[in-house]
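Come along and check each entry against the picture.

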Amino acid sequence: MDVNEVLLPGVGLRYEFTNHEGERIGVVALRSGDFEVVVYGDDPDEARPVFRLNEDEAEALAQILGAPRIAERFADLSREVPGLSSGWVRIPEGSPFAGRLLGETRARTRTGASVVAIVRDDEVVASPGPDRLLRSGDVLVVIGTDEGIAGVNRILQG
Amino acid sequence: MHVSVALLLELGLVLAVLSLLGTLARRLTLSPIPLYLLVGLALGEGSVLPLPAAGEFVGAAATIGLVLLLLALGLEFSIAEFTVGMRRHVPSAGVDFVLNALPGAAAGLLLGLDAVGVLALAGATFVSSSGIIARLLADLRRLGNRETSAVLSVLVLEDFAMAAFLPVLAVLASGGTWWQAVAGVLIAVGAVLAAFVASYRWGHHIGRLVSHPDAEQLMLRLLGITLVVAALAEYVHASAAVGAFLVGLTLTGETAERGRAVIAPLRDLFAAVFFVAIGLSVDPAELPPVLPAALALAVVTAFTKVLTGRYAASRDGVGRRGRLRAGTALIARGEFSIVIVGLAGVGQPILAPLVAAYVFLLATAGPFITRFTGTTSARPAV
């Protein structure tokens, strides 16, 4: 599915996609944390407002829509590939790699495990590139063998 | 400690009146800025209700209001949004500048203003009010519309243009020569670039200097640094407003987000006082002679903003009605035009009443016009 992202300077972001019934749907993510969901009628330029959500309501809705599916996917993944697991590694205060690039850790070369996401506060960076800057307090989502994940943890502890 | 009863009473009454008028304006999805100007006008010297005790405080608070307005603007700003705006809408910004600054400059020449006055008037007609318009688009539930990103991009580029324009104006208004103005601009542009590089490369370090988990500490540090930088900028004649804007630009990410939250109530209070103070500085007797000029200028530049918005929206492939919505949305002028008068006002007798009347007209008419144009159906008032 194609999701089109439009920047609204000073206000937030708008995501647009067309569902299987051919309806064009827009989700405006405001900087304040609120969301507005709209649909486009005959005029593709003019949105018809559907509802607004504050931060808590959006969070609840996201969990209703997303949580079961994410759990399913992880279960599928570990079932399909025996020996593969995922883990979380936190970059501690004073880690030698806090303030350096992900690529500089050479984690995959040294352990075989991949960093598939970085969680920073509430923000998730999916499939981060080697030029991504690490900070202390970041949580890395690592996929690999158990030894590999432990290896990444050792590297980041210094 | 001596408590001035008169000061407390006057301030309290003014704030109560502002809150009443603000509520009324919000009911009608209008901006409260024109009403704040009116309050100032009603309170000024030679008017019905002078403010003998609170005058001095209002003057000082207005300066802080100016600084906080610009700080908040800098905090809003993100490099990513600016570069996206640059990539798609530089021609729109060019059209915007030519169509909207020239009428102001021409009017300035016709009215016999000096160079500073002409420049200030051109700036006042050029810059739309990002505050009024961003809020208006949300109130009218237009954030989902396709033309909205074009409108907001134009506003971001205008705000950025102000970072170069305000120091020029400030230097020239303080009696500097043209080469001092050029030096002022170079310093300001250099400082903007330095602030960009700093926020890009070391933003999180600078953030750490200000940031603190405690909201009170964050506010004190942010205010302290901003006021010191603003004072230094004023000292080198680059304008306190620009200094505050730079501090805002330098802070990014989480610090900027939390900074916006702690500054917002202060900015609302002091900015309201700033608008009142501009109204105060206008003698009601000066208004009638400039009204025809203000009205003519408002009509012409409302029309040129519609053209600007239509052009910008057409670059994003928006249809006819959407282009009209974009154009009318941009009509409102507001806080920046008033900031410009605040910088240039001294020694410009007709500028302040003219721009105050002009902003009053367009800040009121703009939201009304855009509400009723380019929509398929009459929307329920939100």
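**Entry 1: the contact.** I kept in mind that this is a predicted model. I looked up who takes part, and found 24 residues from chain A and 29 residues from chain B in the contact. Together the two chains bury about 2,200 Å² between them. Carbon and sulfur atoms account for 48% of that buried area.

Entry 2: I picked out the salt bridge where the side chains of A:R31 and B:E76 meet, at 3.4 Å from N to O. I also noted 11 residue pairs in polar contact between chain A and chain B, with both residues at pLDDT 80 or more.

**Entry 3: chain A's side.** Which elements give two or more residues to the side of chain A that touches chain B? I wrote down strand 1 (4-8), strand 3 (24-30), strand 4 (35-40) and strand 5 (47-53) of chain A. Strand 5 of chain A has the largest share, with four residues. Sorting this side by class, I got 14 nonpolar, nine charged and one polar.

**Entry 4: a nonpolar patch.** On the surface I found A:V50, A:F51, A:L61, A:I64 and A:L65 forming a nonpolar patch, with about 460 Å² of accessible area together. Strand 5 and helix 1 (55-80) of chain A each supply at least two of its residues. Helix 1 of chain A gives the most, three residues, and I located A:L61 in that helix.

Methods
Residues numbered from 1 in each chain as written. Chains lettered and ligands numbered in written order. Predicted model: local features only at pLDDT ≥ 70, side-chain atom pairs only at ≥ 80, totals over all residues. Heavy atoms only, no water. Contact = heavy atoms within 4.5 Å. Buried area = accessible area lost by both parts, 1.4 Å probe. Salt bridge = Lys/Arg side-chain N within 4 Å of Asp/Glu carboxyl O. Polar contact = N/O pair within 3.5 Å; in protein donor to acceptor, adjacent residues only side chain to side chain. Nonpolar A, V, L, I, M, F, W, Y, C, P; charged D, E, K, R; others polar. Patch = residues over 30% accessible without salt bridge, like charges linked within 9 Å, V, L, I, M, F, W, Y side chains within 5 Å. Areas by Shrake-Rupley, 256 points an atom, 1.4 Å probe, with all protein chains shown as cover.
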